[in-house]
Amino acid sequence: MKRKLLVGLLTALCMFVFVGCQKSGDAGADNKNSADASKGDGKTIQVLVPGYDGGYLKEQLDECIPKFEKENPDIKVEIVSVGWDELNSKVVQLYQANEAPDIMLLGSRSLKQFSDLGVLEDLDSYMTPEYVDGRIDNILATGKVDGKQYGIPMAFSSRALFYRSDLIDKAPTNWDELLATAQKVHDEKDMYGFAIAGDPTTGTDELLNSIYQGGGRIVDDEGKYVLDSQENIDTFKYLAQFKDIIPDVVSTKRDDQAQMFINGDLAMFISGSWEIPKLDEGKAEYKIAKLPMGKEDTVNLVTDSYVMSSLSKNKDAAWAFIEFMGKPDQQFLITDAYQWYPVTKAEEDRDVYKEDNIKPFMEVIPKGHAEPQVPNWDEFDKSIRIAVQKAITGQASPEEALKAAQEELSK
């Protein structure tokens, strides 16, 4: 299994999408940020950050690192910047070359891939009871694989329903109302009532919301795929009912939805709070509501985590930096920069989360489920997207589409 995963990661060009809607950064780096930079006497730690050269987290880390070095004068921090598209394969290459940075920023959904390969350090022994108590339980749990804490969530995004308040008097509160409202607006206003983004660059975050809300899961307690469960089949049957009132599921991107909404072509869509500035700038008449409930009232918890290399010779120093970055001054800076949501209890009571436009994203978080830990995220992502495309377009029945994905991923 490890060899199969390793080959897949090295040969595939892995498109990695962090929480929110970040774009690809430059892959290049100067000498200081090179993966070959010397670690000197063991007091220098390297932190791998995708997209750093393109601006991702650059301002925030450039502010935090000098503070950390001032508080810890015997530790220096160097950034290793990699391109988004090469992130997963680069991690494997550096690990194989015995040059893995001490700390890496990874999507929590990729933790199983790398823990199976032996890349990651188990962080349980570093966390004190006080540290754990300061974290939000179900958010912290997104960094676990097989009961072990391999990742410390750094960023977290939630989802809610955006709807045209000039056309829709009351937001739908459940799946039946969502379908009925979408159909009504489509028929009366000659516009798309809803959107289901299935383009290859979009990923599966919103689709996982539907799967979880339908009472389904991706893997069982033993980590085996259960894509073709009756719950998932029922969810796909529900989604297929939107076929004639949504834009093309194959080509529609998540990033397209807000502009379609502003242009008056779309009445409702599901996304994150990063859409708010764009909608406000476009002067769209809209409101935000909690996700309409299916069988379960839940949401897909999308987090990115700090992880530590199992090869690090500076593990205590690396943990000191991870712990430092999770303290309020640093965590607030990062969370605010991208309109993310709390990963620590210290953040929960802040006024920003009490605003009307933010409450819908917050209300469902305690009931959320983590992204599934699968052996290879990129293979899973492709298979489940193809399955939903086939089910909605009618190329296959929901049963056939999910059975094909189940068989492909279970090889």
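What you see is a predicted model. The chain contains 16 helices and 11 strands. Of its 411 residues, 56% are buried. Its accessible surface is about 17300 Å², and carbon and sulfur atoms hold 47% of that. If we take the contacts with a separation of 6 or more, 79% of them join residues 24 or more positions apart.

Now to the helix pair. Please find α9, residues 230–240, and α16, residues 398–409. Their axes come within 9 Å and cross at roughly 130°. The crossing is right-handed.

Which residues in α9 and α16 meet? From α9 there are Asn232, Ile233, Phe236 and Lys237, and from α16 there are Pro398, Glu399 and Leu402. By type, this contact has 4 nonpolar residues, 1 polar and 2 charged.

Last, the backbone. Most residues other than glycine have a negative phi. Asn98 is not a glycine, yet its phi is positive, about 60°. You will find Asn98 in the loop between α3 and β3. Is Asn98 buried or exposed? Its relative accessible area is 55% and the cut-off for exposed is over 50%, so Asn98 is exposed.

Asp190 is another non-glycine residue with a positive phi, in this case about 55°. The loop that holds Asp190 runs between α7 and α8. Asp190 has a relative accessible area of 71%, and is therefore exposed.

Conventions
Residues numbered from 1 in each chain as written. Predicted model: local features only at pLDDT ≥ 70, side-chain atom pairs only at ≥ 80, totals over all residues. Heavy atoms only, no water. Helix = DSSP H or I, 4+ residues; strand = E, 2+ residues; numbered from the N terminus. Buried < 20%, exposed > 50% of the residue type's maximum accessible area, 1.4 Å probe, protein only. Contact = heavy atoms within 4.5 Å. Areas by Shrake-Rupley, 256 points an atom, 1.4 Å probe, with all protein chains shown as cover. Axes fitted to C-alpha atoms, helices over the stretch in contact; angles between N-to-C directions. Left-handed = near helix turned anticlockwise from the far one by under 90°. Nonpolar A, V, L, I, M, F, W, Y, C, P; charged D, E, K, R; others polar.
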